[in-house]
Amino acid sequence: MKYHKKVKAISLILFSITLLSCGSVPVNLQVSKKNVVKYYESGEYSNDLKNIISNAEDEINKIKLQTNSAVVFDVDETSLSNYENIKKIYFGYDHEIWDNWINEAKAPAIPEVKQFYDFITLKKIKVIFLSSRNISQYNSTYRNLNNTGYVTFDTLILKDSSYAGFTSLAFKSKQRELLTQKGYDIIADIGDQVSDLEGKFHGLQIKLPNYLYIIE
């Protein structure tokens, strides 16, 4: 995931606005952040993920699979969680801290998504990881995925300089098009951002909750 100019808002996603009878009134920033913590740590986030993944598995079971059937997985806040690192700086953003965190390759797997990954690999469906992280973070990303149990996949695609200036949506849509041209039959796409899912050749769109940031 590449923040830079792509991040429209950090931390104030779901809880930043409360609709009152007199109109939309901003909520105190500290209250908003507490609400985010409550959502992620009370079990509500996990329960939402379990329901989404369960429904996704049911839908996958209805699909007639081919030898080249594939599922595209996003990385950040989909396969791997950066929640604890973001929480440490109280839901702000610092480019150096973020890059250091990525290079440490210590992000844990999101258990519910790891379950879905295991389900996919057991069905012999190909797995592709597609992220807007910078290509310079390829080795650390690959290591982090392997260390958390994502050991079987066809390819990991990150964003190189030839896609500078592309939004995440445009980059990922183009990559899925190229994958389709290579012969993959993309039956599903799982991600935490709308930009992970929109565009061409996405198959079943599996949207996960993310109340930490928005990427276009």
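## Strand pairing

Two strands count as paired if DSSP finds at least two bridges between them. The model described here is predicted.

Strand β5, residues 126-134, pairs on two sides of the account below. Four bridges link β5 to strand β6 (residues 155-159), and these two strands run parallel. Within β6, L156 is the bridge partner of F129. Strand β4 (residues 69-73) is also joined to β5 by four bridges, again in parallel. Here F73 is the residue that stands opposite F129 of β5.

Seven of the nine residues of β5 are buried, so the strand is largely enclosed by the rest of the structure. Together with helix α6 (residues 138-147) and β6, β5 makes a right-handed β-α-β unit.

## Helix α1

Helix α1 spans residues 29-41, which is 13 residues. From its first C-alpha to its last it reaches 18 Å, close to the 18 Å expected at 1.5 Å a residue. At its start, a side-chain oxygen of N28 comes to within 2.8 Å of the backbone nitrogen of Q30. Just after the helix, G43 has a positive phi of about 105 degrees.

Which residues of α1 are buried? They are S32, K33, V36, V37, Y39 and Y40. These residues lie on the same side of α1 because they cover an arc of only 160 degrees around the axis. They pack against α2 (44-61) and α3 (83-88). The exposed residues K34 and K38 are on the face turned away from the buried side.

Note on methods: Residues are numbered from 1 along each chain as its sequence is written. This is a predicted model: local features need pLDDT of at least 70, side-chain atom pairs count only at pLDDT 80 or more; totals for chains, interfaces and linings use all residues. Side-chain values use heavy atoms; hydrogens and water are left out. The expected span of a helix is 1.5 Å times one less than its number of residues. Buried means under 20% relative accessible area, exposed over 50%, partly exposed in between (1.4 Å probe, protein chains only). The arc is that of the directions from the helix axis to the C-beta atoms. Contact means heavy atoms within 4.5 Å. A polar contact is a pair of N or O atoms within 3.5 Å; within protein, one must be able to donate a hydrogen and the other to accept it, and residues adjacent in sequence count only if both atoms are side-chain atoms. A crossover is right-handed if, with the strands pointing away from the viewer, the path from the first strand over the helix to the second runs clockwise.
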